[in-house]
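Subject: Structure handover

Hello,

Here is the structure for you to take over. My notes follow below it.

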Amino acid sequence: MKKSVTTKASKTTLQSRRLFYCIVPFIILSFLFSYFPLHGWIYAFYDYKPPLKLSQCDFVGWKWFQTLFANKTQVAQIVQVMKNTLAMSFLGILTSVFPIGFALFLNEIKCKWFKNVVQTLTALPNFISWVLVYSVAFSLFTDGGMINSLLLHLGVITQPIKFLDSDAHIYSWMTFWNVWKGLGWGAILYLAAIAGIDSELYEAARVDGANRFRLMKEITLPSLMPTFFVLLMMSVANFLNNGMDQYYVFQNSFNKEHIQVLDLYVYNIGMTGSSLSLATAISMLKSIISLILLAIVNFVSKKTRGESII
Amino acid sequence: MKKRILSLLLCTVMTATTILAGCGKETTSSSGSGDGNKDEFITVDVFDTLANYQGIQSGWFAKVVKDKFNMELNIIAPNVAGGGDTLFQTRSAAGNLGDLIISKTENGRFENMVKAGLLMDMTSLLKDKAVLTNYKEAIDLMNGDLETKGIFGIPGEISNQSPLVSSEGIEPLVSPYVRWDSYKAIGYPAMESLEDFIPVMKSMQENTPKSDSGKKTYAISLFKDWDDNMMVGTKNYASLYGYNEIGFVLVKADGSDSQDITSSDGYYVKALKFLFQANQAGVVDPESTTQNYDILSDKYRDGQILTSLWSFQGSSYYNTVEHKNMGKGFMPAYIKGSSPFSFGCYPNGNGKTIIAIGSQTKHPERIAEFIDWLYSPEGMEMAGQANGAAGIEGLTWEMKDGKAVFTDFGEKALPNNNVPVPKEWGGGSWKDGVCALNFKTLSIVDIDPRINEPYLTSMWSSELAKRTTPLDLDWQEKSGGAKTTIEFLENNHALSVAPGTSYLQPEEGSDITTLRGQCKAVIVDDSWKMIFAKDETEFNSILKHMQDTVKGLGYEQVLKVDMKNAKDLADSRIKAVEEYNNKSK
């Protein structure tokens, strides 16, 4: 009796060990690419000056963290940068409902080839780099660009409108470009989710006399909610990471005050000013804030929806 | 079961190899032979912060190098790779920049490279080499202040002329180049001051309203790509009066004045005001704010822009032979009281850039020989072709009646044209074969002992004699017979030559660098806003915003450093002239 228990136990250990070995490569990978780079944080505490080795540089402790808040003007700059970052991330999250709506309506189109054409055409901009997007924007919206020439010729305006080099509506502009670029791509996930909805649900609802809009509202939309919330939570964790390439190509002296998001700020003062230690310090702060945000969202989600992602 | 374990193993091995593949040391195919024996063909990795081309040097210059040294140059160019200093940082972290190193030195970089063990001591390698015997003083001065004794770097642009001679040959750093045809059409109006330039530009714009392709013309067009401590397009107007930048300070060429750029009565703010007024008068291209250098260059080629301060922008792009024969093109006008800035020659070399040998190289002897050759007259003619020297004797130029002249081929190919090179000279196109190192070993205006004329072909008597197009003749007539811009300015005593010195900006603290980064962003942004301000009130309020913000950030600390550097630079200029005079006595 006793013997059989031990064999059983050793069998399960063997089994779980085997399973464990299966995930070992992935543990190694995530350690290498996600945790190992964290040792670079040490640069934030040194006055690092390449080409010198770290051992040849001075240890400065918390100096770089203090520099960020050294005086009123510095704080004002950081506050402005955070405002921009949060505002644009927030707008990004607000507009993340657009792909759902788009997918919902696209799904209702019965003409298959037209649906496919629309889907492909809207997904394409996602693959265009921001540099190219800017060159399109430049030829459309600059003073001698298409839009201004058109309006001037039609006599709508007498002076070219400054679209690119003005501070007005910069958040909306950036959000507009983002939506234009990401709409079709974002809808793909939802279209896939829609395809997975049980068709019996629709049939039953139709029998009960639901029209097309009721079907969309009562069945398709609620079925998409879990996907939406997972994506939402993931985007909140990336709240501070709204990327920099978009803002980098669109930035100029006139809109910089409101376009400079955290990543771009790090780039502008860290890389172009070649102060790697300071840039490391800022990105450390950023990781910590992101972590806190994720924990909060996760907590809220657990409380309100009973689901969590971590 | 077995299968599963096998696949698991395979999986692990594959992951491991992928990871480890990145860690392996680069294996070099060639090894050994530290001596000067050239039997073995080698590839030399050149880490070159000045180069604008990345990859293996090709064409006629590659053939010259192969025939002479049995090697090829693999140029690694941070400028092309992009990402600012990243390439330098990663390579130096690996402890091996390259076999041959051409690098900037300021802000303590040279000292740090030596300290980090990236450069090789060349003392024994250069013994008995001409470069050391000829330029010992310059080399000793460059390496004198290092903690480790030895020869680690050789400065560029070494000259045997007075520091008061312009090192730029025929065109200074800046000059008020105007579209001469347009200026002629409005009757060559005289300009008493910079302010007079605005109405002149306005009438030029009215006179020439359309470019060659029918687009609207503007007198001034700016771009933002090269803005650093301040807005370059604005600083250039201060340079018209003999000032150039060091940090946040403008220093006069002779060292007699140093100005804080944010001060309301300094030349920088004056230049901002000038551009603001020009914009109010409607002569500034509104696309200035968003365009880049390439877009602007195309506008110059099309004739959309009517003035230019840089000769390499206006005249290089628009003064084609065809245009010049039509009497069209950029020529310098004269603004009374101006005195354009020009860099003087460096009797002790320009230590801002050096050439050095990497500490890990396997072929130090051969690289030392190559460096020695670069500093020889023949090396200057060939490698210096990128900066206007003549190229290969017998192919692009020859001696005729004791004078250096272009051959028919040179006529077509020089300075930098897309002309096929005969097979026996290396093939390819002339332009693609030009030496990509972009490092000036000797001053391009020095006399080539082989021809008794400057290396710079545009200064050859045979070349100056060719300036006979309608455009040239008209300009020469109005300019008192001068053949070149520098000659013209010198005749008017209106050229500010900044004596070339061995002064190097010392290393600054990281906190200063950080503050500088923040301050310059404010200065550049507000400068642009000031030029395009609606009215005078807005102009003044942005100026005040700029002054207050940088002050709040801690500008004073940075300015203190820059002022000290400016003073040291000014002192070194005075000293350089004295030293040269004493020596030549």
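Start with the domains of chain A. This is a predicted model. In it, the centres of domain 1 and domain 2 of chain A are 35 Å apart, taken over C-alpha atoms. Domain 1 covers residues 1-61 and domain 2 covers 70-305. Seven residues of domain 1 of chain A contact five residues of domain 2 of chain A. On the domain 1 side of that contact, five residues are nonpolar, one is polar and one is charged.

Now chain A as a whole. It has 14 helices and two strands. Along the principal axes, the C-alpha atoms of chain A fill a box of roughly 90 × 70 × 35 Å.

Next, the interface. Chain B gives 37 residues to the contact and chain A gives 38. On the chain B side, the elements that give two or more residues are H1 (2-21), H4 (86-93), H5 (109-115), H23 (510-531) and H24. Which of them gives the largest share of that side? H23(B) does, with twelve residues. By class, the chain B side has 13 nonpolar, 16 polar and eight charged residues.

Helix H3 of chain A (residues 72-94) packs with helix H24 of chain B (residues 536-553). The angle is about 105 degrees and the axes are 6 Å apart. That angle falls within 65 to 115 degrees, which makes H3(A) roughly perpendicular to H24(B). From H3(A) come Lys72(A), Thr73(A) and Gln74(A). They meet Thr549(B), Gly552(B) and Leu553(B) of H24(B). The residues of this contact divide into one nonpolar, four polar and one charged.

Chain B also has two sheets to check.

The six-stranded sheet is open, with mixed pairing. Its order is S2-S3-S1-S4-S13-S5. Strands S2 (55-56) and S5 (154-156) of chain B stand at the edges. Each has a single partner strand, so one side of each is left without a neighbour in the sheet. S2(B) and S3(B) (residues 71-76) run antiparallel and are joined by two bridges. Gly55(B) stands opposite Ile75(B) in S3(B). Helix H16 of chain B (residues 364-374) lies across S1 (42-48), S3, S4 (100-104), S5 and S13 (350-357) of chain B. H16(B) runs at about 145 degrees to S13(B).

The three-stranded sheet is open too, in the order S7-S8-S9, with antiparallel pairing. S7 and S9 (258-260) of chain B are at the edges, each with a single partner strand, so one side of each is left without a neighbour in the sheet. The twist averages 30 degrees from one strand to the next.

S7(B) (residues 243-246) and S8(B) (residues 249-252) pair over four bridges. Ile246(B) stands opposite Val249(B) in S8(B). Their hairpin has two residues between the strands, and Gly247(B) there takes a positive phi near 60 degrees. Three bridges join S8(B) to S9(B). In that pair, Leu250(B) stands opposite Gln259(B) in S9(B). Helix H25 of chain B (residues 555-584) packs on this sheet and touches S7, S8 and S9 of chain B. The direction of H25(B) makes about 15 degrees with that of S8(B).

Best wishes

Notes
Residues are numbered from 1 along each chain as its sequence is written. Chains are lettered from A and ligands numbered from 1 in the order in which they are written. This is a predicted model: local features need pLDDT of at least 70, side-chain atom pairs count only at pLDDT 80 or more; totals for chains, interfaces and linings use all residues. Two strands pair if DSSP finds at least two bridges between them. Two residues are in contact if their C-beta atoms, placed from the backbone, lie within 7 Å. Axes are lines fitted to C-alpha atoms, for helices over the stretch in contact, and angles run from 0 to 180 degrees between N-to-C directions. Domain bounds come from an automatic or database domain assignment. Ala, Val, Leu, Ile, Met, Phe, Trp, Tyr, Cys and Pro count as nonpolar, Asp, Glu, Lys and Arg as charged, and the others, Gly among them, as polar. Angles under 35 degrees count as roughly parallel, over 145 as roughly antiparallel, 65 to 115 as roughly perpendicular and the rest as oblique.
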